[in-house]
Amino acid sequence: MPGFSSRRTLSTAAAIFLSLLPVSGIAGDQIPDWRLNARIVAVGLPEVAGVREVGRFHVGGPIPGNPEFLMATREGRVLDPLRVLVAVGSNFGAPPGDPALEVGAILSIDPRAGKSGGTIIVPQDLTSNGGDARIQLYTAQSERFLNRRYNAGARTARLAAASGPRYISINNAFGRPWIANAPNGVAGEGSVTVVDPDGAPLANAPSREAGGVFAGRHTDREQTPKAQPSGWLGKLLNYQASGQLTSGGMQTGALGTAFLGPSPDGSGFAVFAAVTADGGVVQIHVQDGVDRLAGPGTVSTGQGTVSTGQGTVTDHSNGNDPGVIGIAFKWNPDRALYIADPGRDRLVLLELEDDRRHFTVASTRTISLPEFDRPVDVAAAIPEIANPQFSSHTTLAGGSDLFVANRGDGSLLRLSQDGRLLARATIDVPGLGPLGPDRLRAIATSADAQRIWITISGDLPGFSGRAGALIEIPTFGEHGASATMQETQGTQADATLAERGKQVFQTDFTPQTGLGPLFNATSCVACHPGPGGASIDESLFARRIAHMDPGSGRTVPIDHPNSPVARRHALRDGMGIVSAAMPSQANVISLRMPLALYGIARIDEIPDSVIEAQAVSKGDGIKGRAHHVVDAQGASRVGRYGWKADIANLEDMVANAFANELGVTSATGSREAGAEPIEDDSAQIKAVASYLRTLRLPDGAKP
């Protein structure tokens with residue numbers, strides 16, 4: 001494939017010249033080489049490994065469909081979509097469920113908390129961390145997270161959800177988090193687990209033999225579907241004893257896993273791929289168990305090998321344990337797995353097909369570049385978040401590039417799907433400078449494709465004895481880095497703007513400061529006490545009015561200044577306050593209680609593609625549609641706020657509220673004729689919007 005073996009050539013003089021240039025992309029044919037400033041999110045993560053942003057679980061899946069599970073995805077909870085899951089080699093105070101196996105945990109970290117409160121220092125004991133919501137223990141190698149909690153009869157009942165955890169993949173489409181583990185070290189049997197929101201392996205599991213933990217050769221496939229039936233009875237009678245379709249298991253530690261989507265057998269169950277320390281790849285059907293996908297040696301995790309009772313595997317005694325072997329899945333238009341091959345400085349590309357029962361490898365290709373230096377992890381530059389069958393941060397969105405993490409020199413690469421190098425980046429860590437060799441552990445891309453989460457090993461300056469860290473950097477490409485770090489560096493300015501917004505939110509407006517001529521209240525806090533709550537005072541309810549034709553039943557808008565929101569108050573002679581006249585044509589009045597504003601800004605963060613992906617029939621005959629509107633800057637996007645999602649973004653919503661509820665009509669750029677201009681209305685709008693982004697539920701309040 002073009003670009004797979006291309007090499008850059010520079011003369012010695014040119015190399016010296018380029019080394020003296022400021023850090024930036026290089027013009028011409030030279031691959032741009034960026035230097036990215038990191039933010040230290042958290043430290044104190046011993047033996048840190050894989051990382052993954054939680055992401056949003058699609059409607060129709062088991063988590064949004066279960067009220068108890070759904071609560072775990074609320075803001076501040078363990079599966080809050082913007083939190084980050086990190087695999088760590090410590091139980092953080094939780095007693096081991098099996099002392100003979102590797103300890104380990106998955107932590108849920110709120111990366112937003114570190115922006116205002118500084119770097120999060122993770123305590124060594126999280127069983128009594130004083131309720132610090134910034135860092136939560138999701139699951140660990142401990143009694144309450146053992147498979148036997150919900151699957152006492154499983155062959156792997158004694159195994160935990162996390163034990164020597166290495167990698168994380170999440171089925172955001174119709175499932176749960178999955179974890180790749182090395183519970184017996186890299187040379188012993190590995191496991192891949194399916195985890196409920198409470199941190200325990202899968203309850204009500206489709207597989208009685210595995211429950212929520214697939215391990216070693218204990219959970220290999222034992223039956224196979226005869227056909228692709230329709231109807232529950234057909235599916236019930238469909239299975240027959242078969243043994244594995246393709247022999248192979250997890251005889252060595254599982255170092256990477258990625259979601260492949262629904263099984264090709266028509267059962268609708270999820271299938272994941274996993275890479276093991278012997279360089280093989282398996283596929284895990286959540287109901288039917290494990291089949292091989294590609295044999296041992298497909299990738300190389302290190303340089304030496306040893307003989308065991310299970311055959312020849314990589315020798316990690318000399319420090320060649322890669323920690324993770326990154327894996328990413330491309331589903332559209334063709335199916336393929338991209339797998340890091342650190343022992344051979346390349347990526348392996350498995351092109352997949354299926355036999356209507358399980359996945360098979362159609363062909364194998366490799367991507368070799370001189371810039372590879374022990375590549376240990378890969379991540380989608382744009383993760384698939386929209387498709388309800390394939391959504392996962394280990395899945396590439398259509399046409400997405402890939403990020404590759406080099407442990408050898410600490411650099412990151414951006415590649416096209418066909419293997420062309422698009423850009424390279426080095427990482428500057430505060431207090432440390434450039435991230436050097438053997439520190440980079442794993443990477444993941446955020447759902448908005450604006451930031452990269454990275455785990456690194458060792459201590460950082462200023463945090464002695466707190467080995468292991470989670471850092472954040474911006475994503476990057478041929479034309480530079482995203483603006484996410486600029487936002488981070490402006491945190492103090494943002495806090496000042498939010499404080500100004502809080503003052504405006506609580507201010508009583510007067511005619512001299514822009515109130516009227518028609519309004520419902522004199523302040524934001526009057527209708528949203530707390531501030532930010534919902535008023536139950538009926539005199540503050542908004543009145544939506546219209547005219548209904550008594551014959552046809554057709555509702556039509558009313559052409560009147562006090563419509564379609566009939567404001568309750570008006571200014572007389574520009575100063576005195578009187579009751580506003582209700583339009584005489586109104587014969588339909590709908591009272592609307594002011595909503596609580598906690599978390600309302602988060603709606604603005606949902607990508608258009610995610611909203612549009614939900615505008616499909618869920619099988620019940622009901623189908624919605626995304627309302628496309630034009631924002632104040634003239635850009636078209638999916639509406640999010642207002643009566644019928646007719647307002648594009650948070651700032652426009654605030655401006656609309658200023659105009660309709662306070663009568664500050666200059667906020668929308670259309671002041672009433674003769675009204676005095678109000679100083680810097682746009683600044684007030686931005687300040688209040690910034691304040692709303694900081695609103696959280698008061699302590700002790702129920703969500």
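Biologist: How many cavities of 30 Å³ or more are there?

Modeller: The count comes to 1 cavity of 30 Å³ or more. On a 1 Å grid over the protein atoms alone, a cavity is a set of points where a 1.4 Å probe fits but cannot get out, a pocket is an open set with protein on both sides within 12 Å along at least five of seven lines, and lining residues have an atom within 4 Å of a point. Grid points are joined across faces, edges and corners, and a volume is the space filled by probe spheres set on the points. Please note that this is a predicted model, in which local features need pLDDT of at least 70 and side-chain atom pairs count only at pLDDT 80 or more, whereas totals for chains, interfaces and linings use all residues. Residues are numbered from 1 along each chain as its sequence is written, and side-chain values use heavy atoms, with hydrogens and water left out.

Biologist: What volume does the largest cavity have, and which residues line it?

Modeller: Its volume is about 50 Å³. The lining includes Arg221, Asp291, Arg357 and His358. Strand 16 (281–285) and strand 17 (289–294) are the elements that give two or more residues to this lining; helices (H or I, at least four residues) and strands (E, at least two) are DSSP runs, numbered from the N terminus.

Biologist: And the second largest pocket, how much space lies in it?

Modeller: About 780 Å³. It is lined by 33 residues, and His528, Leu595, Met653, Ala657 and Glu661 lie nearest its centre. Helix 10 supplies the largest share of the lining, 8 residues.

Biologist: How does that lining divide by class?

Modeller: There are 24 nonpolar, 6 polar and 3 charged residues. Here Ala, Val, Leu, Ile, Met, Phe, Trp, Tyr, Cys and Pro count as nonpolar, Asp, Glu, Lys and Arg as charged, and the others, Gly among them, as polar.

Biologist: Turning to the sheets, what is the order in the open sheet of 4 strands?

Modeller: The order is 3-4-5-7, with antiparallel pairing; two strands pair if DSSP finds at least two bridges between them.

Biologist: Why is one side of strand 3 and of strand 7 left without a neighbour?

Modeller: Strand 3 (51–53) and strand 7 (135–140) stand at the edges and each has a single partner strand, so one side of each lacks a neighbour in the sheet.

Biologist: Which residue stands opposite valine 84?

Modeller: Isoleucine 109 in strand 5. Strand 4 and strand 5 pair over 5 bridges.
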